[in-house]
Amino acid sequence: MPSQPLELILARQFGDSLSMPCFLVDPDGNLLFYNEAAESIFGLRFGETGGMRVEEWATVFTPSDANGNALVPEDLPLVKTISTGNPAFGTFFINSLTGERIQITVSSFPIMGRSNRLLGSMAMFWKTKEI
Amino acid sequence: MKIKVWGCRGSLPTPGPENTIYGGNTSCIQVTHGETCIILDGGSGILRLGKYLNPNVKEIHVLFSHLHLDHTMGLGFFTPLYNPSIKVHFYGPSTSNEPLVNRLRRYFSPPLFPVRLSELPRHPIIHELNNCQFSIGEVQVNSEYVCHPGATLGYRLTAGNSVFAYISDHELQMGSSNFPNEPEWTNGYEIAKSADLLFHDAAYTSKEYMTKIGWGHSSVRDAIAFGKMCKVKRLALFHHEPTRSDEQLEQMLKKSTQNLKLDFEVELCAEGMVYELE
Ligand SMILES: [Zn+2]
Ligand SMILES: [Zn+2]
């Protein structure tokens, strides 16, 4: 496994030091890291799951809108950022792995490294309300 | 590949009777392979390199790790730049906005230096690098951004089966998620892995590092742990602190390696030293 570019290592270091939940993905959307705060929302530990492909993480939490309609991956802010390279924002519901239905708000942005290289994307999210 | 050290001091040239073994000139390494002449960094050591350069050399490739003063301060005194029959290439880290040539022009301009880049008899050819791979003659060069304030590159030079890695200024702990355990998440690993010879920043003792986190340099212990992780065959500790005498450097190495069982060589880089990699 080749080592990650400096910018992603620093992004992981940054995420790791935050108490706000965060996700870090590579340019193809593969989940590289989520921090402890994210672990507590999802009820999953990074050390146990490791990385996940976009099809996995975009569906494993069964994202849905306020009416309970399932969201396709393309509707998720982080997936939008991966496919367009632009920042995105959104609020939706997920089922945590402990079965809890929670509302989260997500802000995602691309990681443009030195020399304008697109190296991945990062998402920060907040638990907005519990049902 | 023949590797000659013309300067391995960090931050500031430190001539003096207490520094005769390891030398006082700042970063400058000459790599020769057949006809190819590569220079890593243009610190104060480049003056003597220029003075003793083989007169048959007509093309020189200078690779800058970054543009901090200790890595560029010798450039204006590098005589081949004033010889129109020698073609000089400058390679350095690309940033997102300002071209490398503009950043180099800051050095080559009053009041820092009287001669402008455009006034040289032959303008150096500028190459901007990021994480990339290219060849100079028979030498394959890989460059990668490393963790140090401002855009900074590490270099991996491969000729035949031999590999020389150069990471002059690098803060290992800052650029790693779980140092020294996960190569995938350790910055610089790709540059140094399995190298026959690694020159790596080892500016501080472990105790000093605790008060200098974020300054962009590593401790001797961390440099050794990195060498071990990368399975290098030989590690030369680089970027000696200007305040440290020969005696103090030797004590520092002794203290940092005692009780360590190492299966590779660790030594202090010294000015004038020559390595031959087959
Ligand atoms: Zn330096
Ligand atoms: Zn520096």
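Which elements of chain A each supply at least two residues of the lining of the largest cavity? They are α4 (54-60), α5 (77-84), β3 (88-95), β4 (101-112) and β5 (118-130), where helices (H or I, at least four residues) and strands (E, at least two) are DSSP runs numbered from the N terminus.

## Basis of the report

This is a predicted model, in which local features need pLDDT of at least 70 and side-chain atom pairs count only at pLDDT 80 or more, while totals for chains, interfaces and linings use all residues. Residues are numbered from 1 along each chain as its sequence is written, chains are lettered from A in the order in which they are written, and side-chain values use heavy atoms, with hydrogens and water left out.

## Enclosed cavities

On a 1 Å grid over the protein atoms alone, a cavity is a set of points where a 1.4 Å probe fits but cannot get out, a pocket is an open set with protein on both sides within 12 Å along at least five of seven lines, and lining residues have an atom within 4 Å of a point. The largest cavity holds about 180 Å³ of space, and of the 15 residues that line it, A:Phe23, A:Trp57, A:Leu76, A:Phe92 and A:Ile104 are the closest to its centre. Its lining has 15 nonpolar, no polar and no charged residues.

The second largest cavity has a volume of about 40 Å³, and β5(A) gives the largest share of its lining, 3 residues.

About 400 Å³ of space lies in the largest pocket, whose 20 lining residues include B:Thr32, B:Gly34, B:Glu35, B:Cys37 and B:Val57 as the closest to its centre. To this lining β1(B) gives the most, with 3 residues.

The second largest pocket has a volume of about 240 Å³; of its 15 lining residues, the closest to the centre are B:His66, B:Leu67, B:His68, B:Arg103 and B:Arg106.

## Where the chains meet

The contact (heavy atoms within 4.5 Å) takes 19 residues from chain A and 24 residues from chain B. The area buried between the two chains, meaning the accessible area (1.4 Å probe) lost on being put together and summed over both, is about 1700 Å², with carbon and sulfur atoms giving 52%. A:Ser3, A:Leu6 and A:Arg114 supply 33% of the area that chain A buries against chain B, more than any other three residues.

Helix α1 (residues 6-16) of chain A gives the most to the side of chain A that touches chain B, with 7 residues.

Terms used:
Grid points are joined across faces, edges and corners, and a volume is the space filled by probe spheres set on the points. Ala, Val, Leu, Ile, Met, Phe, Trp, Tyr, Cys and Pro count as nonpolar, Asp, Glu, Lys and Arg as charged, and the others, Gly among them, as polar.
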